[in-house]
Amino acid sequence: MLNRRNFLTAAIGVAAAGTLAACAKEDGGTSGSSGGSKTITLGFSQVGSESGWRSANTDSVKSAAKEAGYNLKFSDAQQKQENQISAIRSYIAQKVDVIAFSPVVVTGWDAILNEAKAAKIPVVLTDRSVESDESLFVTLVGSDFTDEGRRAAKMLEKVLEKAGHKGPVKIAQLEGTTGAAPAIERAKGFKEVMDADHADDWKIVVSQTGDFTRAGGKQVMAAFLQSNPDIDVLFAHNDDMGIGAIQAIEAAGKKPGKDILIVTVDGVKDGFIAMSEGKINAIVECNPLLGPQLMEVVKKVHAGETVERWIKTEESDFMQDQAKDALPTRKY
Ligand code: GYE
């Protein structure tokens, strides 16, 4: 598994990236938008349109590309790896200057990334990481998902305290897409804090994927409530699954946010609305507005400049009592 910490330390790959970018530049003859006359063509393969987070991310990428004056080739893979692979292959055939993509899952990318390397087209990952040879991509622009998992556990401590919950805590976990970096890493970070500080009282009694969608969250939560009617807490890897789960909890005659305490990740508007209605107890923010940072990196990579291996995003955490005040200021 790609160790995200390596991003900070690995110096190799950056040099290789510079070479790739320099080679790619030769075709165009100028150094991209930074002073050159040639418009940068960016091929971008998006995961899908599974969540509010994803829509905000897509809008951010499109508007930032427009703002930067790039020629953006965009495709939506509908959460299917094979669609992403064909999109990347077509970007290679079209000889784009830079390829950026948000990989739906972490494995299975080496072959296509080697094709990009052979074509001397630099690849920038955004949002999600891969488990590949690290020399096959230049950098990752995105969040620290393991830390988001840890932060979710820390928020749960506060939520339990606020609710005056005593004794054992039975937790249900709605996981993101199986094999996706945010699903693997959020679960890992959460478990890390749970094992270290709550080995005696917290227990994940059920855990299953809801594929980051509302429909998935609703369906899986309904099944959880059948098999484990005494769940105290839901940790959902994103707001959308949490919102779907709220519908299932209400349909089962229970009160979300009271009978079942809920912590989610993302911080999209609908998540904040549910939180301001008392139905979600805490949200760990994951910022989807990566477009401007991505365009900046693409420009540097195209110009052959060195970039950091991992360009992280700044994020905050929110408790229910902050929801009403924060809602009008939310940008996504
Ligand atoms: O949390 C979820 C989306 O990769 C960070 O993907 C992203 C995740 C986000 O579907 O809502």
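How close do the axes of helix H8 and helix H9 come, and at roughly what angle do they cross? The axes of helix H8 (residues 214-227) and helix H9 (residues 239-251) come within 7 Å and cross at roughly 45°. That makes H8 oblique to H9, a class left over once angles under 35 degrees (roughly parallel), over 145 (roughly antiparallel) and 65 to 115 (roughly perpendicular) are set aside.

This is a predicted model, in which local features need pLDDT of at least 70, side-chain atom pairs count only at pLDDT 80 or more, and totals for chains, interfaces and linings use all residues. Residues are numbered from 1 along each chain as its sequence is written, and side-chain values use heavy atoms, with hydrogens and water left out.

| Pair | Axes come within | Crossing angle | Handedness |
|---|---|---|---|
| H6 and H7 | 6 Å | roughly 45° | right-handed |
| H8 and H9 | 7 Å | roughly 45° | right-handed |

Axes are lines fitted to C-alpha atoms, over the stretch in contact for helices, with angles running from 0 to 180 degrees between N-to-C directions. Right-handed means that the near helix is turned clockwise from the far one by less than a right angle. Helices are DSSP runs (H or I, at least four residues) numbered from the N terminus.

The structure also holds three cavities of 30 Å³ or more. A cavity is a set of points on a 1 Å grid over the protein atoms alone where a 1.4 Å probe fits but cannot get out, and lining residues have an atom within 4 Å of a point. The largest cavity has about 90 Å³ of space; its lining includes Trp 53, Arg 186 and Asp 266.

Definitions and conventions:
On a 1 Å grid over the protein atoms alone, a cavity is a set of points where a 1.4 Å probe fits but cannot get out, and a pocket is an open set with protein on both sides within 12 Å along at least five of seven lines; lining residues have an atom within 4 Å of a point. Grid points are joined across faces, edges and corners, and a volume is the space filled by probe spheres set on the points. Helices (H or I, at least four residues) and strands (E, at least two) are DSSP runs, numbered from the N terminus.
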